[in-house]
Amino acid sequence: MKARTSGAVLGLALSLAGARGAGAQETTTSLVEKVNAGREALAADSDIAEQEKLRTPNSPAFVLLGVSPTQIERPNTPKAVAVALSTFVSKDSLTVPDKFAVEFAPYWIFRRPKLQVRDYAAGGWSLVRDLTFSLGTAAMNRMQTAGMVEPIQAPDTDLAAGFRTHLYDGQSRAVCTDKMAGLRDGLIGLARTTSVRLSDAETAELEDSLIRKRDLDAAILASPESALTPEELARIEAAHPEGAARDRAMLEARTAKLTPGQLRRLKKPLVDLDALEVELKRRKEQLVADARDQLRTVETLFEQCAEASTARKGWLWEVAGAAAGRFTNARFDAREWLAWSSWSTLSYAAEGETFLLLGRYHSSKASGSWDGFLDAGLRGIVARKTYAASLEGIGRFHVVDKDAGEKPFHYRLAVVAEYMVTEGSWVSVSFGKDFGPGNTGALFTLANLNWGFGKPRVSVP
Amino acid sequence: LPKTITETKVVNYRVDDVASVVARAIIGDAQEGAWTMHLGSRFLAGGTNADDVTVGPGRALAEGSGNLEVSAIVKDVRPETDHLTLTVTLTGGMDTQHVQITNLGNPGDSASYSIFVRFV
């Protein structure tokens with residue numbers, strides 16, 4: 001998890017060795033910019049390029065494209081996914097939209113009515129459940145000169161697709177109803193309060209009002225339990241020779257033969273269920289409106305639980321991959337591969353300590369040939385209430401298309417130590433070595449004072 | 001702002017006169033919440049985990065006026081989904097029956113559901 005520094009920041013960036021690596025550019029910078037530049041060199045929780053960070057990215061496709069979309073569409077139903085992907089279809093042909101960013105989890109776009117929170121929270125092997133796909137595009141304008149009198153602008157679009165999942169998630173999640181005192185009872189109490197709870201007499205009165213009399217009469221007359229004996233029948237016919245009066249007497253006699261239970265059983269299927277549902281919903285909505293104070297109490301407990309449940313403990317094994325291609329004039333049939341990457345991280349989080357092991361391969365195409373880098377990194381964090389420290393190192397092996405004479409191995413090393421001077425004010429000291437040609441990459445040192453509202457930059461993810 | 005979705009459903013369940021009806025409530029989609037069951041105005045059980053609750057013998061239920069009311073409060077706590085689902089499974093009657101209320105909320109929303117089961 002990323003810890004952001006807020007509040008007043010007083011920083012002093014000392015570039016001991018400067019940016020000596022190839023491609024380093026001298027710029028005029030303010031103190032703040034220097035601080036920011038120094039931070040970018042830090043490996044721990046800094047704003048270095050996503051591709052360089054020692055972690056598996058959340059959205060591999062966007063990392064590979066090198067974009068940070070301000071708005072990522074996250075459809076959560078099959079229909080919403082279909083609508084999002086429909087932008088790839090234009091007039092019955094496939095096209096590549098620009099500025100497209102979508103991310104979705106196939107497992108979760110369908111309802112999971114049987115998945116209970118405790119089964120989910122227990123973690124374990126979760127390849128399918130935690131799988132997410134990311135898909136993004138970025139418009140790239142390039143000047144096309146071949147065969148042209150005047151160079152023209154060719155609208156290319158880069159598209160990347162990626163996935164990310166947890167092969168194993170042993171970091172059990174908090175179940176708030178177990179964790180927060182009073183929440184379970186509060187929820188059960190709320191469910192009770194908002195139950196309509198009609199008594200038997202109220203139910204009978206309500207349902208009887210929703211039965212058509214002629215349907216009930218017909219059901220009573222058809223019921224075998226209400227059948228009259230030949231003697232009872234003869235008695236009625238003798239007493240009521242006329243049709244309407246005889247029918248009424250017959251119905252009364254048959255109704256009288258039924259027990260209350262048998263009569264109730266005859267009535268039940270005759271109730272207008274739609275009308276009953278409307279009436280019960282009306283009563284329930286009133287109960288929910290009356291229970292708003294109870295609802296607010298429960299909401300508050302959930303909020304407190306969310307704040308207290310950010311840290312997770314245990315093993316986590318993440319994998320991710322992404323590939324990117326370029327589409328000329330946004331046409332699907334005019335494409336070429338640009339790059340692909342894969343990540344795998346294994347981490348263990350304990351109370352105040354985190355260790356992370358990363359393996360990463362990145363391959364990209366430049367000037368018609370493929371380049372390939374293999375990274376292996378290790379990071380350790382110790383965080384306590386008043387101090388924190390982080391050590392991180394990444395080794396990079398240039399395994400494909402290395403220049404003649406180029407050393408195949410580079411590394412980055414960063415150490416960050418922090419101390420809380422007063423509540424919310426942290427002093428941090430960082431130093432290390434960035435990637436660079438051979439073993440003489442850019443050295444950096446940074447001292448920071450985060451005054452007032454600061455949070456530690458080194459924190460257990 | 002989080003809202004509370006309210007929904008009710010009424011169903012008939014065909015009993016077996018000589019068997020007991022058992023009901024089970026499940027709050028799905030890995031969301032948090034709690035359920036209660038009432039037979040008429042009488043409280044039977046409540047909880048957060050799925051649990052079997054014996055409602056009563058089929059004949060007595062069919063001949064009585066009281067309906068089974070399964071109520072639930074479901075809270076959208078999952079970033080992965082906004083589905084809010086209550087499923088009630090009824091067994092011990094002529095068939096096993098699954099009754100479900102589901103809605104697609106927004107992050108942080110709650111749902112207050114009641115499923116009324118009429119024994120016929």
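1. Strands 13 and 14 of chain A form a hairpin with two residues between them. In the turn, A:Gly424 has a positive phi of about 90°. Strands here are DSSP runs of E of at least two residues, and helices are runs of H or I of at least four, both numbered from the N terminus.

2. This is a predicted model, in which local features need pLDDT of at least 70, side-chain atom pairs count only at pLDDT 80 or more, and totals for chains, interfaces and linings use all residues. Residues are numbered from 1 along each chain as its sequence is written, chains are lettered from A and ligands numbered from 1 in the order in which they are written, and side-chain values use heavy atoms, without hydrogens and water.

3. Strand 13 (residues 409-422) and strand 14 (residues 425-433) of chain A are antiparallel, with nine bridges; two strands count as paired if DSSP finds at least two bridges between them. A:Ala414 has A:Gly432 as its bridge partner in strand 14 of chain A. Strand 14 of chain A is also joined to strand 15 (residues 443-451) of chain A, antiparallel, by eight bridges.

4. Chain B has an open sheet of five strands, in the order 1-9-6-3-4, with mixed pairing. Strand 1 (4-13) and strand 4 (42-47) of chain B are at the edges with a single partner strand each, so one side of each lacks a neighbour in the sheet.

5. Within chain B, strand 3 (residues 32-39) and strand 6 (residues 68-75) run antiparallel, joined by eight bridges. B:His38 is opposite B:Glu69 in strand 6 of chain B.
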